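User: I would like to go through the labels used for this model. Please set each one against its cut-off.

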Amino acid sequence: MENQEVAVDVTKRILLTIALLAIIALGFAQGNASDKTSSVYKKRVLENIEIDILSSYYTQDGDNAAVTGGIGTEKLDDTAFNISIAIPLSDDDVLSIDGTVSAYTSASSSNLNPFSGASSGEDDDDKDGDDDDDDDDYSTSATRGSPWVESSGASREDVWVSGNLAYSHTSDDRNNIWGANVNFANEYDYSSLGFGASFAKLFNEQNTELGIKGNVYLDTWRPEYPTEIAEYVHYNGNFSAGFFQDVDILDSNGIVVSGADGWKPISNTLIKDKARDSYSLSLSLSQMLSMNAQVSLFVDLVMQKGWLANPMQRVYFQDKDNFFIGNAADIPNYTTTSNREVFQLADDIERLPDNRLKTPMGMRFNYFVNEFVVLRNYYRYYTDDWGIDSHTADIEVPIKISQSFTVYPSFRYYTQTQAEYFADYEEHLSTEEFYTSDYDLSKFNSSQFGLGIQYNDLFSKTNFWMLGLKNINLNYSYSKRNTGLEYHIVSLGTKFMIK
Amino acid sequence: MKNKILSLVLVSIFILLLLSSCTAVKSYQKINLSDPDMELSERHAKKFETAAQVYREGASGANGGKSGGGCGCN
């Protein structure tokens with residue numbers, strides 16, 4: 001709860017900062033507008049202040065939760081809100097302010113502590129104030145959970161907030177664009193500070209644009225661990241203290257074993273380096289090919305260093321005996337959804353290398369078929385030094401069904417090979433140096449179908465106070481993986497300009 | 001890995017040389033290219049969809065947006 005209060009507090013601060021900056025920028029923009037009459041006319045880079053508002057609801061489900069070692073419910077719901085404001089500071093300068101709040105509830109992350117009343121319906125009453133998600137009143141009989149059941153632990157919900165401030169300056173001849181940005185993001189176990197700069201050069205009668213962009217993200221974990229591992233390490237393996245003191249540990253036959261003779265994680269070392277730094281360099285080239293076609297190429301080079309594994313995610317080894325807490329009757333059905341009352345104690349958290357080099361290369365090709373139809377195509381090849389190669393193909397076909405309405409049918413196909421450190425539940429060996437059972441790093445392919453509709457108010461005739469409506473859109477997408485994960489997302493967006 | 005990156009860079013240079021030979025489109029001929037749906041970037045309406053993909057897939061980047069950092073995702 002303390003983390004959520006911090007997140008709400010941070011959200012308030014970000015929104016207040018954004019509002020303050022918007023007011024300052026508005027004053028600055030109006031000041032510049034009044035000076036405009038004395039200078040030589042040139043078309044402004046941005047004529048009016050523009051405001052984009054976007055909200056979305058996302059829901060997913062699947063059977064391969066990483067928090068519970070590659071099996072278990074992946075149910076997650078997320079509601080998000082974003083506001084982006086672009087403010088012309090002068091004929092040449094634009095300030096962009098962007099804020100996002102995203103609130104989720106997740107069965108998967110709730111199972112960081114699966115023993116928080118998952119089956120018994122008890123509340124998570126973490127009374128000792130250490131915010132460890134532990135239910136301090138739990139009795140032995142009530143201590144049961146399952147990877148297939150959402151627990152009521154505090155980690156079942158969280159708020160992610162982010163803010164981004166960007167500034168761009170365009171030269172008088174409109175052929176050079178400089179930009180800089182700074183951003184911040186926070187969630188209960190993770191925070192990020194980022195900054196970057198960009199430059200774009202247009203030439204060949206503005207048919208060609210070459211861009212370069214660099215970004216640095218300095219991220220920090222506030223690690224949360226699976227309850228059994230956190231408690232084991234915290235109490236130095238003393239099963240008479242903390243979470244384990246009144247809990248029976250069962251072997252795979254359902255026989256109660258003493259702590260000292262039974263389960264223990266293979267390592268007492270948790271996160272050593274709480275930093276995760278990302279350095280990205282992006283090159284882009286855009287080219288007009290004809291009066292109806294244009295293309296752009298993107299090549300990124302992303303280097304990541306630090307703790308790249310997720311400390312919440314459990315791993316189970318095939319060469320280690322299995323131990324459980326809960327109802328022994330459910331042990332034979334552990335990997336099936338009929339298991340509602342027993343949970344297997346983790347052998348370790350996932351371990352991954354402390355560096356990663358990603359090289360994605362993408363291409364967009366847009367073709368204006370006629371005044372009713374446009375083809376928007378995207379392809380990306382991705383490779384990294386963890387062994388993942390992937391291909392992404394995306395096509396969207398905006399169809400103008402009237403002067404004001406456009407529909408957006410789309411299809412996206414994605415495929416990737418598995419990271420060399422991935423193996424399924426109970427398939428890793430404890431002798432391996434790196435291991436994960438996160439299915440986002442497995443071999444899979446997915447297909448996504450989407451449909452959107454947008455209303456365009458061509459002359460912003462519809463007004464709300466001083467806001468003139470530019471467009472309003474509604475989008476829906478459905479995606480399904482061949483591993484079973486599927487998600488739906490619906491977004492509602494609107495764009496205004498200040499007259 | 002190095003060979004793959006080298007191949008990507010070589011392909012990029014080849015395409016760049018190919019594109020630079022294209023005939024220039026004059027300003028007055030750009031009306032179709034100026035259609036909002038012809039923008040060479042993702043629609044703002046897809047912002048959260050892309051964010052979900054960044055979380056749920058091993059690959060990210062090369063779409064003009066964020067390519068790493070800022071979240072506890074892959």
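Analyst: Glu426(A) is in the loop between β20 (405-416) and β21 of chain A. Strands here are DSSP runs of E of at least two residues, and helices are runs of H or I of at least four, numbered from the N terminus. This is a predicted model: local features need pLDDT of at least 70, side-chain atom pairs count only at pLDDT 80 or more, and totals for chains, interfaces and linings use all residues. Residues are numbered from 1 along each chain as its sequence is written, chains are lettered from A and ligands numbered from 1 in the order in which they are written, and side-chain values use heavy atoms, without hydrogens and water.

User: Why does Glu426(A) count as buried?

Analyst: Buried means under 20% relative accessible area, exposed over 50%, partly exposed in between (1.4 Å probe, protein chains only). Glu426(A) has 16% relative accessibility, so it counts as buried. Its phi is positive, about 65°, although Glu426(A) is not a glycine.

User: What makes Trp465(A) exposed?

Analyst: Its relative accessible area is 78%, so Trp465(A) is exposed. Trp465(A) also has a positive phi, about 55°, and is not a glycine. It is in the loop between β22 and β23 (467-481) of chain A.

User: How do you know which strands pair with β2(A)?

Analyst: Two strands pair if DSSP finds at least two bridges between them. Strand β1 (residues 49-61) of chain A and β2(A) have 11, in the antiparallel sense. Between β2(A) and β3(A) (residues 93-106) there are 13, also antiparallel. So both pairs meet the definition. Ser55(A) has Phe81(A) as its bridge partner in β2(A). Thr79(A) stands opposite Ala103(A) in β3(A). β2(A) and β3(A) form a hairpin, with four residues between them.

User: Why is Asp457(A) said to have no salt bridge?

Analyst: A salt bridge needs a side-chain nitrogen of Lys or Arg within 4 Å of a carboxyl oxygen of Asp or Glu. Lys461(A), the nearest side chain of opposite charge, is 5.3 Å away. Lys and Arg count as positive, Asp and Glu as negative; His and the chain ends are not counted. So Asp457(A), though buried, has none.

User: What makes the link from Asp457(A) to Thr462(A) a polar contact?

Analyst: The side chains are 2.8 Å apart. A polar contact is a pair of N or O atoms within 3.5 Å; within protein, one must be able to donate a hydrogen and the other to accept it, and residues adjacent in sequence count only if both atoms are side-chain atoms. So 2.8 Å falls within the limit. The Asp457(A) side chain also reaches the backbone nitrogen of Lys461(A), at 3.0 Å.
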